[in-house]
Amino acid sequence: MQNTDQMVQNTDRNEREKVILVGIETGAEEPEEQSLDELADLAGTAGAAVAGRLIQARESAHPGTYIGKGKILELKELIWETEASGIICDDELTSAQLGNLEEELNCKVLDRTLLILDIFAGRAVTGEGKLQVELAQLRYRASRLSGLGRSLSRLGGGIGTRGPGEKKLEVDRRRIRERISRLKRELKDVENHRELIRNQRSRSGLKTAALVGYTSAGKSSIENALTHAGIAEDAMLFSTLDTTTRSLMLDNTQEILLTDTVGFIRKLPHHLVEAFKSTLEEARYADILIHVVDASNPDMDTQMHVVYETLRELGAEGKPVVTLFNKQDLLEEPVVQRDFRAEYSIAASARTGQGLEELKAALLEILRRDQIYIERMYSFDEAWKLQLIRSRGQLVSEEYLPEGVCVKAYVPGEIYGKL
C-alpha cells in the first residue's frame, strides 16, 4: 500500500524535512525526555531532522488536542521559528486529536504509531513482511476514518453537502474492510505454514533458541557472527523485520536452530503486535531465549524492562534465558553487568567475537538438562536404534566391534525407553 504520510518527499536528499517532537510528561517512571530521545532516533530513521521539542506536564493527554491550548500557541511559535513542516507526537493519537491538531497548527501531524509504521513499510522485504505491514497500516487508518467525515463533507455551504462526504467515507470503509479480510486470510496461510515448520522441527528433535531484544541491540549481528547468515545489519532502528532461522553447531555433536526476531520498542503499536503475531510467536515457541542487550546504551535497564514486559504479553515467560550484554567493544572500561532474570549473563561483542563460545557452552548446558547420557553396546540387529539416536539425540561416539556397536550419546527422555 502506498504510504501517503512518508516523511521524505524531497528529491534532494540533503534537504531533510524538519519536525517538532511533542510529548506529555505524566509522572511515569520513565522521563518523557528519554522517550523523546528515542522518538528522535525514529524520526532520523524515517529521514526527518528534529528542529525542536515541546513537553507538557499534565496528568493525561488532552482528549481533543493531545496538549493544552496554551502549549498549542507555544507550539505554533516554535514551528514558525524553526520553519518546521510538521510535528510528531510521542503517543498514538485519536482521530479527533489528529484532526484538531492539523486544524490548529495548519501543518502535518504524525504520531508515534504512524511513524513506526512508515519505517516498517520501508524496511519490509519479504512477502510476509509486506503483508504484515500493510495490515497494520490499514487497521490504523480504519480506526481513524471517522475523523475524516467532517473534511470529506466540506464540499460547499448549506444543506445538501454532507451526503457525498459520508458516501465517500462509507466507500473507503468498505474497501479497507475488504482488504483487511483478504490480508488476514493470506497471513493465516503464512501462520499455518509456520506451524507446519515448527511441527517438523519438533519431530526432528532439534531445539530452537530465539534471539530477542530491543531494536538495534545487535540481534542480527549476533546471528551473523554465529552462523554467517548474511543478514543485513546497520545502526538504524528496525534494520530487519523478517525472521531468519539458521542451524548452529554448539559442539561436534549438538545442533540447535537459531531464530532472529523483530526488535521490541517502547510503546510498540498494538496494530503491529497483532499483524506480526506469527513472527513474534517465534519467541513463544522457542525452547531457549537469547536476550541481546546493547550494553553501551545508557537506557539499557529501561530497554531490558521493555523486552521482558513484551515477552510477558506474548506469553513467552518461563523459558531459560541467556542474556548477552552485546557491544562490549564500545565500552571505555569493562563493566560487570548482570541480568537477575536470566540463568546466564555473558559479556559479548558481535564485532570481536567476545563471549560467543561462552554462549554456545551455556546453550549446551541448558540442552543437556533434558537429555540422558547413555553408554550402550548394541548388536548389529539393533542398528535401527543408532538411527533413532542420530535423528532424535546427539551421537557422541560409535565404535564398531565384533560383538556390535559401542555407543556414547545424549538422548531426550521421550526416546530413552526405546533404547
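These legends walk through several close-up views of a predicted model.

**About the model.** Residues are numbered from 1 along each chain as its sequence is written. The model is predicted, so local features need pLDDT of at least 70 and side-chain atom pairs count only at pLDDT 80 or more, while totals for chains, interfaces and linings use all residues; side-chain values use heavy atoms, with hydrogens and water left out.

**View 1. The whole protein, before zooming in.** You're looking at 14 helices and 13 strands; these are DSSP runs numbered from the N terminus, with helices being H or I of at least four residues and strands E of at least two. Of the 419 residues, 49% count as buried, meaning under 20% relative accessible area with a 1.4 Å probe and protein chains only (over 50% is exposed, and in between is partly exposed). Among contacts with a separation of 6 or more, 67% come from residues 24 or more positions apart; a contact here is heavy atoms within 4.5 Å.

**View 2. Helix 1 against helix 4.** Helix 1 (residues 32–46) and helix 4 have axes that come within 10 Å and cross at roughly 35°. Axes are lines fitted to C-alpha atoms, for helices over the stretch in contact, and angles run from 0 to 180 degrees between N-to-C directions. The crossing of helix 1 past helix 4 is left-handed, the name used if the near helix is turned anticlockwise from the far one by less than a right angle (right-handed if clockwise). From helix 1, look for Ser35, Glu38, Leu39, Leu42, Ala43, Thr45 and Ala46; they meet Arg112, Leu115, Ile116, Asp118, Ile119 and Arg123 of helix 4. By class, that's seven nonpolar, two polar and four charged residues. Here Ala, Val, Leu, Ile, Met, Phe, Trp, Tyr, Cys and Pro count as nonpolar, Asp, Glu, Lys and Arg as charged, and the others, Gly among them, as polar.

**View 3. Helix 4 against helix 5.** Helix 4 (residues 112–123) also packs on helix 5 (residues 127–142), at an angle of about 155° and with the axes 10 Å apart. That makes the pair roughly antiparallel; the cut-offs are under 35 degrees for roughly parallel, over 145 for roughly antiparallel, 65 to 115 for roughly perpendicular, and oblique for the rest. Helix 4 passes helix 5 in a left-handed crossing. On the helix 4 side, the contact uses Thr113, Leu114, Leu117, Phe120 and Ala121, and helix 5 brings Val133, Ala136, Gln137, Tyr140 and Arg141. The tally is seven nonpolar, two polar and one charged.

**View 4. The buried side of helix 3.** In helix 3 (residues 95–105), Ser95, Gln97, Leu98, Leu101 and Leu105 are buried. They cover an arc of only 165° around the axis, so they sit on the same side of helix 3; the arc is that of the directions from the helix axis to the C-beta atoms. Their cover includes helix 2 (69–82), strand 3 (86–89), strand 4 (108–111) and helix 5.

**View 5. Helix 8, wrapped up by its surroundings.** Helix 8 (residues 219–227) is largely enclosed by the rest of the structure, because seven of its nine residues are buried. Those are Lys219, Ser220, Ile222, Glu223, Asn224, Leu226 and Thr227. They pack against strand 5 (207–213), strand 6 (245–249), strand 7 (255–260), strand 8 (288–294), strand 9 (321–326) and helix 12 (356–369). Just past helix 8, histidine 228 takes a positive phi of about 55°.

**View 6. Helix 8 meets helix 12.** The two axes are 11 Å apart, at an angle of about 85°, so helix 8 and helix 12 are roughly perpendicular. Ile222, Ala225 and Leu226 of helix 8 meet Leu356, Leu359 and Lys360 of helix 12. Sorted by class, this contact has five nonpolar, no polar and one charged residues.

**View 7. Leucine 363 in helix 12.** Leucine 363 belongs to helix 12 and is buried, at 0% relative accessibility. Not counting residues up to four places away in sequence, it touches Leu250, Ile288, Ile290 and Val322. The C-alpha atoms of leucine 363 and isoleucine 288 are 8.0 Å apart, though 75 residues separate them along the chain.

**View 8. Leucine 289 in strand 8.** Leucine 289 sits in strand 8 and is buried, with a relative accessible area of 1%. Leaving out residues up to four places away in sequence, its contacts include Ala210, Val212, Leu311 and Val321. Leucine 289 and alanine 210 are 79 residues apart in sequence but 5.0 Å apart in space, C-alpha to C-alpha.
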